[in-house]
Amino acid sequence: LRRDEQEAPKPQAPSRLARAAGAAVVLVIAAGLWYSGSPAGARRELLDRRRVQELDRLSQDIIAHQQTFLRLPESLDQLSRLPGRGAPRSLRDPVTHEQYAYQALDSLSFELCARFDAPDSVGPYGPTFDAFWRHGSGRACFTFRVPRVLR
């Protein structure tokens with residue numbers, strides 16, 4: 001047995017090409033993870049996009065309320081009473097469950113506010129990009145003006 005062990009070929013160290021290929025694979029994986037971000041970051045961005053979508057729908061409902069009743073609603077709760085608006089909109093943050101902030105500024109202007117997890121979650125590269133919705137992390141408010149309707 002000793003003779004067989006001594007005659008067996010010794011394992012060789014990996015060649016330079018194999019080492020370079022292994023290093024390239026590790027670099028590509030690291031770059032992919034860095035570029036795409038972490039799963040937690042993707043979740044935060046998804047939740048922020050949802051907040052933007054909900055604020056957009058709420059703004060449309062507030063404008064419809066003003067054009068129907070010729071006044072802005074006193075609170076977001078009044079929006080549930082709009083005739084023919086379909087399913088009720090979400091008035092609350094998907095994580096904290098706090099109601100989105102709403103304030104009438106004058107007879108045709110109002111403000112909607114929400115708390116965001118990341119800055120500019122709408123991003124310039126997505127299909128939903130609109131510079132109006134740019135925001136930082138934390139509380140951000142958006143001011144809307146109801147368009148005048150000719151009657």
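Tutor: On a 1 Å grid over the protein atoms alone, a pocket is an open set of points where a 1.4 Å probe fits, with protein on both sides within 12 Å along at least five of seven lines; lining residues have an atom within 4 Å of a point. This is a predicted model: local features need pLDDT of at least 70 and side-chain atom pairs 80 or more, while totals for chains, interfaces and linings use all residues. Residues are numbered from 1 along each chain, and side-chain values use heavy atoms, without hydrogens and water.

Student: Which strand gives the largest share of the lining of the second largest pocket?

Tutor: Cys113, Ala114 and Arg115 line this pocket, as do Asp93 and Arg139. Strands here are DSSP E runs of at least two residues, helices H or I runs of at least four, numbered from the N terminus. The largest share, 3 residues, comes from residues 109–116, strand β2.

Student: What order do the helices and strands follow along the sequence?

Tutor: The chain has 3 helices and 3 strands. Read along the sequence, the pattern is α-α-α-β-β-β.

Student: Which residues does Ile62 touch, neighbours within four places aside?

Tutor: Counting heavy atoms within 4.5 Å as contact, its partners are Leu72, Pro73, Leu76, Leu79, Tyr102, Phe110 and Leu112.
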